[in-house]
Amino acid sequence: MKRLAAWPLFMCGFRPFFLAGSLLACVLMAAWLLMLGGAWPTLSMWSPPGGVAIWHAYELVLGFGSAAVAGFLLTAVPEFTQTVPAAPRRLASLAVLWLLGRLAWLIAAWLPAPLDVLTIALPHLVFTASLLLLLLPSLGRDARARRHFSFALALMALLLVQLGFFADLLWRWNDPLAWVRLAVGLMMVLIILAGSRISMNVVNRLVELGKPGVAEHDTVGYLARPPRRNLAIFCICLCSAVEFWRGYDLVTAWLALAAAAAMLNLLNDWHVGRALFYRWALILYASYWLLALGYAAMGLSILGAPWLPSAGRHLLTVGAMGLSIFAVMNVAGRIHAGQWLDGSRWVPLAMAALVGAALLRFMAGSFGFAHWSQQLTVAAGLLWIAGFAVYLGRNARMLVVRRDDGQAGCSEPRGQEEGAGQQSAGHQH
């Protein structure tokens with residue numbers, strides 16, 4: 001572990017998890033498409049505990065999603081709380097635990113019950129618990145840090161959801177997918193919590209000016225206001241809890257529409273003029289829109305609209321989650337690797353691919369397109385792979401080599417002159 005921790009990959013918390021998460025996004029979706037098409041008989045015969053549909057849902061939300069959450073929190077929490085980042089050996093240990101969780105699903109299919117479920121559960125639960133214990137002292141040590149304690153509460157809830165999922169998978173209480181749906185709600189909450197921290201620096205162009213997080217509230221055009229954010233989080237949590245206990249009934253439908261309305265209300269904070277059409281602001285703005293549309297589609301589906309509730313949920317997972325994670329990887333990942341934001345034309349194309357994937361996956365769950373459902377699903381999966389493959393192609397080397405600016409760890413780029421220069425380049429694009 002000491003030798004492993006010496007790799008540049010473990011200089012900062014985002015490096016191993018953004019690399020592993022984007023790789024999983026591509027590999028997971030490719031494997032799923034091969035299973036759907038029956039193109040690889042070996043994959044079609046592989047049967048993990050609960051079945052391949054449960055594996056696919058869990059890995060998309062709590063495999064890919066947990067890598068993004070870990071990468072963001074391990075980088076952002078020390079910055080938010082002005083505490084020491086995790087040591088490389090701790091990062092390497094967490095990365096190994098995360099990787100063991102992925103491998104456990106592969107081998108569990110050939111293990112007898114209950115050893116199969118226990119083999120999967122152990123690395124996942126230890127990973128989330130270790131991440132929580134690592135961050136908890138920083139999040140709760142003083143009054144300033146407790147402004148960010150909501151991240152600790154979200155991780156605690158995520159750990160309980162994972163525990164419930166594996167217990168349900170082991171003892172067959174009800175439906176393991178109900179726990180995954182509950183995890184989707186938690187991921188939406190984390191998107192809002194993270195987005196509120198990142199968006200002020202992105203929309204107001206503070207990252208490019210070389211001074212993220214230092215402007216006073218009265219000097220910025222966009223301010224993430226807690227009342228609207230808290231209302232959206234409350235509605236999403238209430239909708240998720242009621243859906244978990246009652247399923248797809250009328251109460252769930254109206255609460256889903258309430259969550260959509262709360263997200264549309266939250267979007268009013270973003271309407272600050274031309275700055276909204278800057279590429280990074282637009283990506284985060286679009287992810288909030290997809291979150292609102294996802295809950296609206298779920299609610300309307302239960303009330304009788306001609307599509308499945310899963311169509312709306314894929315707007316949340318493929319759309320809102322995929323797009324926001326893509327934005328965080330490109331913004332926080334590059335800045336804390338000593339690089340300014342990517343001004344290439346590939347970024348809006350990757351964004352369009354992820355939005356297209358979400359819309360096509362929604363269409364695949366619509367009754368009017370039932371005849372082309374599989375083709376639409378495959379097309380959506382290919383666009384999803386393309387979006388994260390672009391991220392890998394542009395940033396993989398940056399994640400595994402030492403910084404070229406002479407700084408260590410998670411430091412931001414040197415100087416404001418480069419940021420101003422990048423800003424001018426961004427205007428041209």
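Let's start with a side-chain pair: threonine 83 and threonine 81 are joined by a polar contact of 2.8 Å. A polar contact is a pair of N or O atoms within 3.5 Å; within protein, one must be able to donate a hydrogen and the other to accept it, and residues adjacent in sequence count only if both atoms are side-chain atoms.

Some ground rules. This is a predicted model, where local features need pLDDT of at least 70, side-chain atom pairs count only at pLDDT 80 or more, and totals for chains, interfaces and linings use all residues. Residues are numbered from 1 along each chain as its sequence is written, and side-chain values use heavy atoms, leaving out hydrogens and water.

Back to threonine 83. It sits in the loop between helix H4 (52-81) and H5. Buried or exposed? Threonine 83 is buried, at 13% relative accessible area (buried means under 20%, with a 1.4 Å probe and protein chains only). Not counting residues up to four places away in sequence, threonine 83 touches Val77, Pro78, Ser138 and Arg141 (contact means heavy atoms within 4.5 Å).

Now H5 itself. Helix H5 (residues 88-108) packs on helix H6 (residues 115-140) at about 160°, axes 8 Å apart. H5 and H6 are therefore roughly antiparallel, a term for angles over 145 degrees. Residues in this contact include Trp98 and Trp105 of H5, and Pro123 and Phe127 of H6. By class, there are 14 nonpolar, 4 polar and 3 charged residues.

One more pair. Helix H11 (residues 279-302) and helix H12 (residues 309-335) pack at about 165°, axes 7 Å apart. That makes H11 roughly antiparallel to H12. Their contact has 19 nonpolar, 7 polar and 1 charged residues.

How values were computed: Axes are lines fitted to C-alpha atoms, for helices over the stretch in contact, and angles run from 0 to 180 degrees between N-to-C directions. Helices (H or I, at least four residues) and strands (E, at least two) are DSSP runs, numbered from the N terminus. Angles under 35 degrees count as roughly parallel, over 145 as roughly antiparallel, 65 to 115 as roughly perpendicular and the rest as oblique. Ala, Val, Leu, Ile, Met, Phe, Trp, Tyr, Cys and Pro count as nonpolar, Asp, Glu, Lys and Arg as charged, and the others, Gly among them, as polar. Buried means under 20% relative accessible area, exposed over 50%, partly exposed in between (1.4 Å probe, protein chains only).
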